[in-house]
Amino acid sequence: RLRRARLRVEKAIKEKKIFAVQGPYPVIRRLLRARGWVERRLPRNGRQPKQQPGEQREQQLQERASGGGDEQGAAAPSPRGEAQPASGTAEPPLQPWPRHKDNEGEGEDEDKKEDKERCSEDSDDIHDLMSFLVQDQVPNFLWTIRLSSIDQELLPRIEVVNRYPRLSALCTKVGAEGLREGGTRGGGVQKGMTSFSKQEGLCQSLQNLLWFEQVDFNTFFPRCYRLGIMDEQEAFIEDFRLTAARSLLRLALQKVRDRPVGTEQPPESEEVPGWRRSHASLPMPSTAGLRSPLCPELVEEALEVCEQHLGVLGHQDIDRNTPSPCRTCIDWDRFLQEYYRVAQWVLVGTGAGGNGGGAGAEPPASPHSEGIRLALSREQRERCQDLLQRLEEKLPQLGMEGSLNIWILKPSAKSRGRGKAGGSAGHTHPHGEGVPPSLCCPGIVCATRLEEVLELSQSCAAPPARVCEWVVQKYVERPLTIFNTKFDIRQWFLVTDWKPLTVWFYRDCYLRFCSRPFSLCHLEPARHLCNVSIQKRYKTSQPDPRVPPDKIWSNKQFQAHLARLGRANAWQRVMVPGMKAAILNALRCARDQVGSRKGSFELFGADFLIGEDFQPWLLEINSCPTMSPSSAVTRRLCANVQRDTLRLVLDRKDDPGCSIGAFELLYKEAPVSSCLTAGQRLMVRGCSLKMS
């Protein structure tokens, strides 16, 4: 047994086939062993083990080998009864997989999964002996869940690593400043990365897109602001106000009946169905002293604001030194309070805020609806329609805004909705009285009131050197739904080089459903957050019998659904090209900030939401996406993408014509040689001009 182990180890060392896996990745481990690779198991803290004296090491080898063994080349049974492939055999079947109840876990959960996996694998097999023999070898290949757990002296000596350093420009809500090295989660984000996976990183890096492509990032990324940056907070306040004015015009057009004003009746109960009071509530504006929420003067103010905004968009204010008229033309505090009342009257009147299945259908009427009429003159109605049409030509996100001005707040450096207060945000009612209970222990929060958002931002009033605590992003109020249920898409892609940028797109992906029917009346996580780690809390909820119990679909199932709706071409002609373009644009903006490392690669998971017009909206990009399956669909797809990743980064080096599965080359940048030489001095010369 020892002799066979030594022979296989010597061959692996000669062929540079020593690998290390840190994290719960049984598929990676099995596939590499089937290729003749030998694992060097890393200690829990990632530090290299102490060197053993020669005699003690030989004694330990004899003890490990004394347990008997199998014939060379034969498959050794594991404790689970599975056959382990011998060295040099073909790839093993990918079906055997330890089932995990949770799709994504905390850093500690990942360690427990890894312990469980190691105990259930070949603890008495020859692999354990070979691992001991190579404990002094530097791995040639490393697959890890977080770089920070690997010995920093060992890491630079490893040839191929599945992670890039400094990814916050792409994969975190926060920038690189002020971050500590820390753990990550399956499907989560590694702290200490640069700027590209989560909202704040994307929010910041995408602002540079025009330097690379003549593309407006507002066409694929919902507008987003970092509340810890004062300039961006002010920009958000202005955006919130302008969006409220546009929303009021939509509400006016939706509810106009040419009936007299003032026939409305307030709801009998102080409690709005689906909403719970908070112990930290703010008072609802009193109806006394405020004119009717349905008065046409309010619409006139909204029309004036939108007219002024069109002028700004047309650069008519380019020579004006005074503040933007969008900030000063009306009393915004009073306007917003009255807008909140109008929006709540409309919600109470309709009794539902969903889109009836994703096609923009009018929600059913309720007994209160007869009292909610907004009187508009013919001239006002025509002005509303004309202004909204002209604004739509200037604002690419107007179609997904809706009419309730909902924004979603996300804490920085967290993923999967961590920090949530047990779903308490789900019991808030849009524009209802008070602050959501989740503000007391906030995670991901949907908000419709400016004061709610600003109250959170005050908690991150930190020096500029510190990271922002929150980002706020416009909520997509008009998503495409399936069986009146919201969903998003997890789409994988692989980066094998940053200089030149080389990106591979995975043709297979999966959909994640919410647990309850979509409704803008009820802002609870079960209806609005598609994360598996959040939806698992609502296992007993079933939005529609046609939605699968595990709330997961493959892209093939989605395409079949589109075909039944008569939109079979929407996937290949609209959604896939839109996702590819969004991914590539995000990568181009972030590549100069990412720590490029030759020979390394990284698999990412991008989350997309689909609008009613089938256009994809990029929500975030996750580094180290979870590979723990939560359903039969993810069991198959997660195994396949790991198999195809190894084919692409390992097998293709020796056999360029080998199969790479569902990967396709999305983009490979032509190498650009630098024209600058060392020591060259550059300067700009000029003279001042006097203005006559």
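Mentor: Let us start with Asn-484, which lies in the loop between β11 and β12; strands here are DSSP runs of E with at least two residues, and helices are runs of H or I with at least four, numbered from the N terminus. This is a predicted model, in which local features need pLDDT of at least 70, side-chain atom pairs count only at pLDDT 80 or more, and totals for chains, interfaces and linings use all residues. Residues are numbered from 1 along each chain as its sequence is written, and side-chain values use heavy atoms, with hydrogens and water left out.

Trainee: What is the phi of Asn-484?

Mentor: Most residues other than glycine have a negative phi, and most peptide bonds are trans. For Asn-484, phi is near 60°, a positive value in a residue other than glycine. Phe-483, in the loop between β11 (481–482) and β12, also has a positive phi, near 55°.

Trainee: Is Phe-483 buried or exposed?

Mentor: Relative accessible area decides: buried means under 20%, exposed over 50%, and partly exposed in between, with a 1.4 Å probe and protein chains only. Phe-483 has 18% and is therefore buried, whereas Asn-484, at 25%, counts as partly exposed.

Trainee: Which residues does a cis peptide bond join?

Mentor: The cis bond joins Lys-499 and Pro-500, with omega about 5°. Pro-500 is found in the loop between β12 (485–498) and β13 (501–513).

Trainee: How should I read the crossing of α9 and α12?

Mentor: Axes are lines fitted to C-alpha atoms, for helices over the stretch in contact, and angles run from 0 to 180 degrees between N-to-C directions. The axes of α9 (residues 296–313) and α12 (residues 378–394) come within 10 Å and cross at roughly 30°. That makes α9 roughly parallel to α12, since angles under 35 degrees count as such. The crossing is left-handed: the near helix is turned anticlockwise from the far one by less than a right angle.

Trainee: Which residues in α9 and α12 meet?

Mentor: Contact means heavy atoms within 4.5 Å. Among those that meet are Val-299, Leu-303 and Leu-310 in α9, and Cys-384, Leu-387 and Leu-391 in α12. By class, this contact has nine nonpolar (Ala, Val, Leu, Ile, Met, Phe, Trp, Tyr, Cys and Pro), five charged (Asp, Glu, Lys and Arg) and two polar residues (the others, Gly among them).

Trainee: Where is the place of Ser-403?

Mentor: Ser-403 is in the loop between α13 (398–401) and β8 (407–411). At 10% relative accessibility, Ser-403 counts as buried.

Conventions. Angles under 35 degrees count as roughly parallel, over 145 as roughly antiparallel, 65 to 115 as roughly perpendicular and the rest as oblique.
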